[in-house]
Structure formats: C-alpha cells, structure tokens
Amino acid sequence: MFAEAALTDDRFLSGRLQLWQPRTGYRAATDPVLLAAACPAKAGDAVLDLGCGAGAASLCLGLRVPDLALAGLEVQPNYAALARRNAWRNGIVFDVHDGDLAQMPVALRRDFDQVIANPPYFAAGGSPSPLPGRALAMQVQTPMGDWVSAAARRLRPGGCLTLICGADGLPEVLTAMAPKLGSVAVLPLAPRTGRPALRVLLQARKGGRAAFRLLAPLVIHLGEAHDGDRESYTPEVNAVLRDGADLLARFR
C-alpha cells in the first residue's frame with residue numbers, strides 16, 4: 001500500500017473524477033482518458049481493464065456509461081489497492097484483481113463484452129525509470145502480442161477490444177490479432193498537425209470480418225509547436241479530457 005504522504009489528489013474530467021495517485025511512479029495522463037473515450041461500451045456491458053493501474057481508464061468509462069460491470073487486472077498490488085480505493089471514492093463499482101496476464105485470476109476467466117488495455121509501450125532496451133513501479137507500468141516487459149491474446153480469450157464472440165499503444169508497436173499488435181480478432185480500425189494520435197503519430201487507438205472485434213480501416217488522425221494539440229505552459233488541446237480532445245466526451249464517431 002502507498003503511504004498517504006506518497007499520494008497526490010488529482011482531478012480528471014474537470015473535477016468530476018478524483019483520483020489518488022502516487023507522487024512518484026506511474027501517473028495517469030491523457031492515455032487512459034482517451035482509451036475510455038474510445039470504448040464503445042453500453043449500459044449493462046461487462047468490461048475488463050487489463051493493467052488497470054490506479055483505475056483511471058475504467059473510472060472515466062464508468063462515469064460516462066452507467067450500469068457497467070467493471071473488472072480490472074493489475075500486476076502491482078499497491079496500484080490494485082489504489083484502484084479499489086479510487087473506485088470507492090468516486091462511487092463506482094470496480095472489481096479489481098491482483099495478477100498478471102500469464103496467470104489470470106479464476107474470477108476473470110469468463111466472457112466480457114469489452115476489453116480495454118493501455119499496455120506499457122516504451123522499449124525495454126531504453127533507459128529504465130529509477131522508480132520500479134513506473135518502469136513496470138511504462139516499459140515493455142510482456143510482449144504486446146500477449147496482451148492481445150489475453151484480451152481475445154476474455155472476449156465473448158462479437159466483443160470489442162479497445163487498446164492504446166505506441167505507433168511502433170502496431171505491427172506486433174496486428175499480427176497477434178489473427179485469427180480471433182478482426183474488423184480492425186486504427187486511429188492515429190498525432191501530437192500536432194503535420195506531425196507523425198506517436199500513439200494509436202485501436203478497436204477490433206472477436207470474430208470480426210470487416211475490412212481493416214486506417215482512420216484520419218486525431219490531432220492532440222493546436223499550433224505547430226509547444227506554446228509556453230498552455231496545454232493548447234484541440235477542441236475535440238479538450239471535450240474528451242475536460243467534459244468526458246467520447247470518440248465513438250471516429251470509429252463509425
């Protein structure tokens with residue numbers, strides 16, 4: 001468990017979601033909020049969050065879509081405990097389990113309508129963070145293909161995987177999808193207009209047979225370069241990060 005002094009009290013979605021996060025270590029930023037915005041869950045769906053961290057993605061999703069059966073898997077027990085605490089704080093039911101992809105807890109060995117994942121996607125060969133929790137959460141330890149395979153096993157027929165990862169990990173993700181996942185749509189996330197996409201959001205369906213789609217990029221920031229201390233998000237992204245809007249129209 002994290003000590004109280006080791007936590008910060010952070011607000012997401014213009015304060016509608018309040019999260020305790022470690023002062024040092026992995027801290028949620030835009031990725032889990034964008035991931036939640038892209039998940040096409042509807043009321044009554046069972047949703048599994050692989051690698052849920054402190055719960056940011058699932059809790060953002062739970063605020064937007066009522067009556068979800070949210071479950072999470074987290075390999076770091078202190079983060080799993082924090083996710084449970086954050087769920088209680090925000091009045092959202094979230095069944096979080098300690099464990100990893102290779103040894104899925106028995107309670108999670110069932111079918112889900114939706115699986116969401118924000119796997120670590122920084123190359124393991126780079127300089128690791130001196131903070132073990134941050135390094136484990138951000139640098140690749142488990143191959144991306146294993147995340148996709150685990151998601152496919154947990155999805156019901158017709159169920160949807162929504163995943164965010166680095167653009168350089170996309171080939172491995174796509175390779176791992178055959179033959180169980182199809183109807184793939186990839187949304188590149190470009191930091192600015194005219195810049196290469198560094199991350200992608202991806203949707204795929206179990207048993208899907210529709211043609212692969214590469215969608216028009218979602219541009220994150222306005223302008224050609226960083227403008228001082230201002231965030232300068234584009235209106236579409238600002239609506240997601242501040243107002244809890246979804247990105248579902250991008251995938252239609």
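Helix 5 passes helix 6 in a right-handed crossing, the near helix being turned clockwise from the far one by less than a right angle. Helices are DSSP runs (H or I, at least four residues) numbered from the N terminus. In this predicted model, local features need pLDDT of at least 70, side-chain atom pairs count only at pLDDT 80 or more, and totals for chains, interfaces and linings use all residues. Residues are numbered from 1 along each chain as its sequence is written, and side-chain values use heavy atoms, with hydrogens and water left out.

Helix 5 (residues 144-154) packs against helix 6 (residues 170-177) at an angle of about 35°, and their axes lie 8 Å apart; axes are lines fitted to C-alpha atoms over the stretch in contact, with angles running from 0 to 180 degrees between N-to-C directions. On the helix 5 side, Met144, Gly145 and Val148 meet Glu172, Val173, Ala176 and Met177 of helix 6 (contact means heavy atoms within 4.5 Å). By class, this contact has five nonpolar, one polar and one charged residues; Ala, Val, Leu, Ile, Met, Phe, Trp, Tyr, Cys and Pro count as nonpolar, Asp, Glu, Lys and Arg as charged, and the others, Gly among them, as polar.

A search of the whole structure finds one cavity of 30 Å³ or more, a cavity being a set of points on a 1 Å grid over the protein atoms alone where a 1.4 Å probe fits but cannot get out. The largest cavity has a volume of about 80 Å³, taken as the space filled by probe spheres set on the points, which are joined across faces, edges and corners. Its lining (residues with an atom within 4 Å of a point) includes Leu13, Arg16, Val240, Gly244 and Ala245. Helix 1 (31-38) and helix 2 (56-64) each supply at least two lining residues, and helix 2 gives the most, with four. The lining of the largest cavity divides into nine nonpolar, one polar and two charged residues.

Technical notes
1 Å grid on protein atoms, 1.4 Å probe; cavity = no way out; pocket = protein on both sides within 12 Å on 5 of 7 lines; lining within 4 Å.
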